[in-house]
Amino acid sequence: MPALVLLGAQWGDEGKGKATDLLGGSVDYVVRYQGGNNAGHTVVVGDQKYALHLLPSGILSPGCTPVIGNGVVVDPSVLLSELSGLNERGVDTSKLLISGNAHIITPYNVTVDKVSERFLGKRKIGTTGRGIGPTYADKINRVGIRVQDLYDESILTQKVEAALDAKNQILTKLYNRRAIAAEQVVEELLGYADKLAPYVADTVLVLNEALEQDKVVLFEGGQGTLLDIDHGTYPFVTSSNPTAGGACTGAGVGPTKISRVIGILKAYTTRVGAGPFPTELFDEDGEALRRIGGERGVTTGRDRRCGWFDAVIARYATRVNGLTDFFLTKLDVLTGWEQIPVCVAYEIDGRRVEELPYSQSDFHHAKPVYEMLPGWSEDISKAKSFSDLPKNAQAYVKALEEMSGAPISAIGVGPGRDETIEINSFL
Ligand code: IMP
């Protein structure tokens with residue numbers, strides 16, 4: 001019953017695509033359990049680079065069934081164009097399964113995301129503008145549209161009308177926008193029904209049966225722990241639960257079925273959008289991390305904010321997710337620094353604090369307390385085992401492991417599929 005959860009241990013963009021893909025060959029199902037096309041995975045296969053937003057990265061591994069779980073929000077136009085883009089490059093996508101209970105990102109959800117961010121002005125969240133938050137809001141408000149609604153025109157029409165009743169009042173009276181016509185939305189959504197039909201399934205049943213048959217199921221989180229709606233830096237978060245518990249609700253699998261929880265951890269830290277970030281750098285080191293690490297959003301094209309590794313956050317991720325392992329990514333990006341600062345604690349209003357403060361005001365005031373670790377200058381991209389790494393790189397990894405509270409079981413030393421050092425097998 002090997003069920004693994006693989007999730008971001010920081011603010012997302014830790015390199016999950018590479019990690020999922022590494023396991024892809026031995027995994028029977030790769031399941032996305034939350035988020036939508038706000039995510040972005042880059043997967044490099046041979047000399048081909050794939051940018052995936054909504055589809056699970058298992059789509060690139062023949063033999064693996066990719067699943068979009070009930071906890072995901074689906075923009076049908078984005079999904080269909082991502083599928084046809086892959087088909088044009090010869091990737092077979094016919095095994096994809098989509099939960100009939102997944103919610104649909106409607107055109108009006110995208111409009112509301114954009115206008116409400118504009119309305120917030122300098123208090124904006126910095127969302128990806130893909131309609132994620134408003135779609136989850138509709139879900140919780142019980143006015144959401146689900147994938148299965150596409151197959152009952154009368155229900156779909158009633159639901160779209162119900163959702164638009166209040167929204168049109170807000171759009172016209174508060175945001176000074178034109179009202180959205182329900183018939184047009186219904187027509188557009190019905191246009192997707194036949195194209196999506198071959199993929200729609202009872203994914204909860206499929207996944208639980210697969211686990212009973214001892215298949216390997218990998219749950220792939222989008223975004224990251226600190227962007228979790230409950231455990232992240234609220235309100236500068238996404239509107240779902242990327243943390244491990246989200247895999248259970250977002251896929252319909254009980255917690256007793258999960259055997260391993262792997263946190264993807266970048267060897268430094270990045271963040272997109274607004275919100276606190278204690279180790280953020282505004283100098284040439286930050287610029288160098290951005291340049292060498294290619295730190296630009298796959299989904300939005302925005303430059304990522306960059307900073308040194310923060311062990312307080314890594315420890316927090318270990319705790320809230322019950323992490324059993326870490327996959328440390330992008331260690332190669334740190335090659336060339338004489339000394340590498342690592343944040344081991346915070347100073348908050350004159351006090352040394354070892355753990356992430358629960359108070360948002362304290363976190364906003366947190367200043368990093370750094371320990372300096374010696375760097376290395378040798379090229380590490382060809383390293384195949386831990387002992388191939390220069391001594392100082394080994395010591396850096398060991399120090400991070402000790403501070404973060406879970407074993408580092410794999411290390412990424414380059415973007416390519418085979419540029420990974422496996423220390424403990426995940427399966
Ligand atoms: P939303 O998910 O579009 O609502 O955006 C909410 C916050 O999450 C913003 O700060 C986004 O930049 C951030 N965010 C959403 N998806 C990702 C991701 O895949 N990686 C990193 N940040 C993300």
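Two strands are counted as paired if DSSP finds at least two bridges between them, and helices (H or I, at least four residues) and strands (E, at least two) are DSSP runs numbered from the N terminus. The model is predicted: local features need pLDDT of at least 70 and side-chain atom pairs count only at pLDDT 80 or more, while totals for chains, interfaces and linings use all residues. Residues are numbered from 1 along each chain as its sequence is written, and side-chain values use heavy atoms, with hydrogens and water left out.

**View A. Strands E2 and E10 within the open sheet.** Strand E2 (residues 29–32) and strand E10 (residues 217–220) run parallel and are joined by four bridges. In this pair, Val31 stands opposite Phe219 of E10. Both strands belong to an open sheet of ten strands with mixed pairing, in the order E9-E7-E5-E2-E10-E1-E11-E15-E19-E20. Its edges are strand E9 (200–201) and strand E20 (420–422), each of which pairs on one side only.

**View B. The E3–E4 hairpin.** Strand E3 (residues 41–45) runs antiparallel to strand E4 (residues 48–52), and five bridges join them. Thr42 stands opposite Ala51 in E4. Two residues lie between the strands of this hairpin, and Gly46 in the turn has a positive phi of about 60°.

**View C. The two domains.** The chain is divided into domain 1 (3–91 + 202–422) and domain 2 (103–198), with bounds that come from an automatic or database domain assignment. The centres of the two domains, taken over C-alpha atoms, are separated by 29 Å. Their contact takes 26 residues from domain 1 and 18 residues from domain 2, where contact means heavy atoms within 4.5 Å.

**View D. The shell around the ligand.** Of the 16 residues around the ligand, Asp13, Asn38, Thr128, Thr238 and Arg302 come nearest; a residue is near if one of its heavy atoms lies within 4 Å. By class, the shell has six nonpolar, eight polar and two charged residues. Here Ala, Val, Leu, Ile, Met, Phe, Trp, Tyr, Cys and Pro count as nonpolar, Asp, Glu, Lys and Arg as charged, and the others, Gly among them, as polar. Domain 1 and domain 2 each supply at least three residues of the shell.

**View E. Side-chain atoms facing the ligand.** A polar side-chain atom of Thr238 lies 2.6 Å from an oxygen atom of the ligand, and a polar side-chain atom of Arg302 lies 3.0 Å from an oxygen atom of the ligand. An N or O atom in the side chain of Gln223 is 3.2 Å from a nitrogen atom of the ligand. Taken alone the ligand exposes 470 Å², of which the protein buries 96%; accessible areas come from the Shrake-Rupley method with a 1.4 Å probe.

**View F. Backbone geometry in two loops.** Tyr234 and Pro235 are joined by a cis peptide bond with omega of about 5°. Pro235 is placed in the loop between E10 and helix H8 (244–251). Asn176, a residue other than glycine, has a positive phi near 60°; Asn176 lies in the loop between helix H5 (153–173) and helix H6 (182–196).

Note on methods
A polar contact is a pair of N or O atoms within 3.5 Å; within protein, one must be able to donate a hydrogen and the other to accept it, and residues adjacent in sequence count only if both atoms are side-chain atoms.
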